[in-house]
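Trainee: Hi! Could we go through this model together? I have a few quick questions.

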Amino acid sequence: MKNLFFLVSLLFLQQVGVAQEIEFVTNSRLILGGDMDKSASISAGDIDKDGDLDVVVANGRHWPQPNKIFINNGKGLFTVSKLLDNISETTYATELADLDGDGDLDIAVGNDMAPNAIYLNDGKGNFRRNGSFGEDYASTRNLKIVDIDSDGDLDILITNRGMQNEICLNNGMGDFSKVIRFGTKDDSTIDVDVADIDKDGDNDLVLANRDGQQNYIILNDGELNFSVRIPFGTGKDETRSVGLTDIDQDGFLDIITANIEEPNVIYFGDRALGYTRQVVFDTAARSSFAMDFGDIDGNGSIDIVIGNSEEENFVFLNFQNGQEWKEIKLSDRKLDTYDIILCDLDNDKRLDIIESNSDEINYFYLNRLLENK
C-alpha cells in the first residue's frame, strides 16, 4: 500500500506541475543571424549529420528574398550560415525531410505565386535544386510532409490560400509529379495536419481555414479520396494553425487551433468524431499566427507554444489533462511571428523554442530548469 500511495502521489505532483519550474532564456547571441528578413517559416533537423539540429528559414512571403541555412555548432549556437540558393523567392514555407530515401535531410520550398522547389542534400549539408512540385503559380501558404499513402516514402501536402489544396505523391525517389487535390477550389486553407483520426488505418486531414470559412476534418476512404467532411469550430473562425495530439490522454486525438483575434481553443476528440467538447486555453483573442506543441516542462503532458502577430508570444503549460493552463510570456517583444517551433537545440533533452519573425530578428529561447519545488 505504501508503494501504491507513493506512486499516486508522484503522479499527482507531476499533473499539478509542482515538480519543476522552467524559464526561457534568450540574449543577443541566441538569434539566427542579424538580418531582419520577412521570415515566414522555420524547420529544424540535422542537415550535416553531426548530431545536432540545424535550421532552415523561409524568407520573402510576397517579396523575393533568399532562403537561409543556419548550422548548429553543437552547443545551441548558430555560428555558420549560408544561402540555400543563389536566387531569391517569395517563400512561405520550408520543410526538412528525407525526400529521396538516401538517409539525409532534403528541403521542400513552398512559394507564393512562384514554382515550389525540391532541394536534395548531398549528405554533407550541401543542396542542389532538383525540380518542382505542385501547381506552379499557386498561393502556397504551408507544407506538410508525411507518408499520406502509407507506401514507405514521404509525400508533400500543400495548402493554398484561395485555391484548391494539393497532395504531391512521392515515387520513392523524390519525384512528386502525381498530384491529388483536396478541399474546394475557393478554400482559404492556411494549415493542415494529418493523422488517422477515425482509427481505420489510413491518414485523415484537418484543415485550418481563414476568411470566415468553416474548419473541417476530411476523412480518407482508404483510396486517398477525401469526400467526408466533418465541421468543427464556430464556422467563422479565422484559424491560422492546427495541430493534432491527445491532450487529455483518453486515446482520441484532439485538435489545437491558433486563431486570429479570437481565443485559442482545443476541441476534444471522441469515438463519435463530434469535436464538440472544448476548452479555451488562451482567452486573450490575440492575432495568433503559429502554434507548436510538446512536453515543454517534462511532466508528461502536452504543452503549447503560440506565436502572435504584433503581440508577445506565449507558452501554455498543461495541467490536469488540459483543464488547467499556466501562461508564460516568452519576452516583452511584440513581434510579427509567422512560425514558431519546439526542438532541442542544445541537446539537453528539453524542448527549446525558435521564432520566425517578419521584418525582425529571428530569436530562439533555451529551456532552462530553475529548481525543484
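Trainee: Which residues line the largest cavity?
Mentor: Gln65, Pro66, Asn67, Leu84, Asp85, Ile87, Ser88, Glu89 and Tyr119 do. Do keep in mind that this is a predicted model: local features need pLDDT of at least 70, side-chain atom pairs count only at pLDDT 80 or more, and totals for chains, interfaces and linings use all residues. Residues are numbered from 1 along each chain as its sequence is written, and side-chain values use heavy atoms, with hydrogens and water left out.

Trainee: How much space lies in the largest cavity?
Mentor: About 40 Å³. On a 1 Å grid over the protein atoms alone, a cavity is a set of points where a 1.4 Å probe fits but cannot get out, and lining residues have an atom within 4 Å of a point. The volume is the space filled by probe spheres set on the points, which are joined across faces, edges and corners.

Trainee: And how much space lies in the largest pocket?
Mentor: About 710 Å³. A pocket is an open set of points with protein on both sides within 12 Å along at least five of seven lines. It is lined by 33 residues, and Glu95, Asn142, Met291, Asp339 and Ile341 are the closest to its centre.

Trainee: Which strand gives the most to that lining?
Mentor: Strand 26, with six residues. Strands here are DSSP runs (E, at least two residues), numbered from the N terminus.

Trainee: How do the lining residues of the largest pocket divide by class?
Mentor: There are 20 nonpolar, five polar and eight charged. Ala, Val, Leu, Ile, Met, Phe, Trp, Tyr, Cys and Pro count as nonpolar, Asp, Glu, Lys and Arg as charged, and the others, Gly among them, as polar.

Trainee: New topic: what is the order of the open sheet of four strands?
Mentor: The order is 14-15-16-17, with antiparallel pairing. Two strands pair if DSSP finds at least two bridges between them.

Trainee: Over how many bridges do strand 16 and strand 17 pair?
Mentor: Five, in the antiparallel sense. Ile217 stands opposite Ile230 in strand 17.

Trainee: Last one: is Lys199 buried or exposed?
Mentor: Lys199 is exposed, at 52% relative accessibility (exposed means over 50% relative accessible area, with a 1.4 Å probe and protein chains only). Lys199 also has a positive phi of about 55 degrees, although it is not a glycine.

Technical notes:
Buried < 20%, exposed > 50% of the residue type's maximum accessible area, 1.4 Å probe, protein only.
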